[in-house]
Amino acid sequence: MRIDKYLKVSRIIKRRTVANEACDAGRVFVNGKPVKASYDVKIDDIIEIQFGQKTVKVKVLTLSETVKKDAAADMYEDLSV
């Protein structure tokens, strides 16, 4: 699954176009490396997203094309401190 779609489906970022723009701007990292929107996410990847001064760090637990709103948080584990 592409990272821009994963960020949208898991509701870490609300819209896929915003996720795409964040990747293009170099604010999305997977396992410490900047990635493009087409990066293929795998289970156990560590995703870091920079939102201005705040950094969100999550670990991918599951991949799913569609998920209900209340189950979206089960797709990842929040590692932010």
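Predicted model: local features only at pLDDT ≥ 70, side-chain atom pairs only at ≥ 80, totals over all residues.
## The strands

Let's begin with β3, which covers residues 46-51. On one side, β3 is joined by three bridges to β1 (residues 28-30), and the two run antiparallel. If you look for Val 28, you'll find Ile 49 of β3 standing opposite.

β3 also pairs with β4 (residues 54-60), again antiparallel, through six bridges. Here Phe 51 has Lys 54 in β4 as its bridge partner. Together β3 and β4 make a hairpin, with two residues between the strands. Take a look at Gly 52 in that turn: its phi is positive, about 60 degrees.

## The two sides of α2

Now for α2, residues 16-24. Its buried residues are Ala 19, Ala 22 and Cys 23. They sit on the same side of α2, because they cover an arc of only 100 degrees around the axis.

What do the buried residues of α2 pack against? Their partners are α1 and β1. The face turned away from that buried side carries the exposed residues Thr 17, Glu 21 and Asp 24. After α2 comes Gly 26, with a positive phi near 80 degrees.

## A tucked-away serine

Ser 10 belongs to the loop between α1 (3-9) and α2. Is Ser 10 buried or exposed? Its relative accessibility is 1%, so Ser 10 counts as buried.

Leaving aside neighbours within four places in sequence, Ser 10 is in contact with Ala 72, Met 75 and Tyr 76.

Definitions and conventions:
Residues numbered from 1 in each chain as written. Heavy atoms only, no water. Pairing = 2+ DSSP bridges. Helix = DSSP H or I, 4+ residues; strand = E, 2+ residues; numbered from the N terminus. Buried < 20%, exposed > 50% of the residue type's maximum accessible area, 1.4 Å probe, protein only. Contact = heavy atoms within 4.5 Å. Arc of directions from axis to C-beta.
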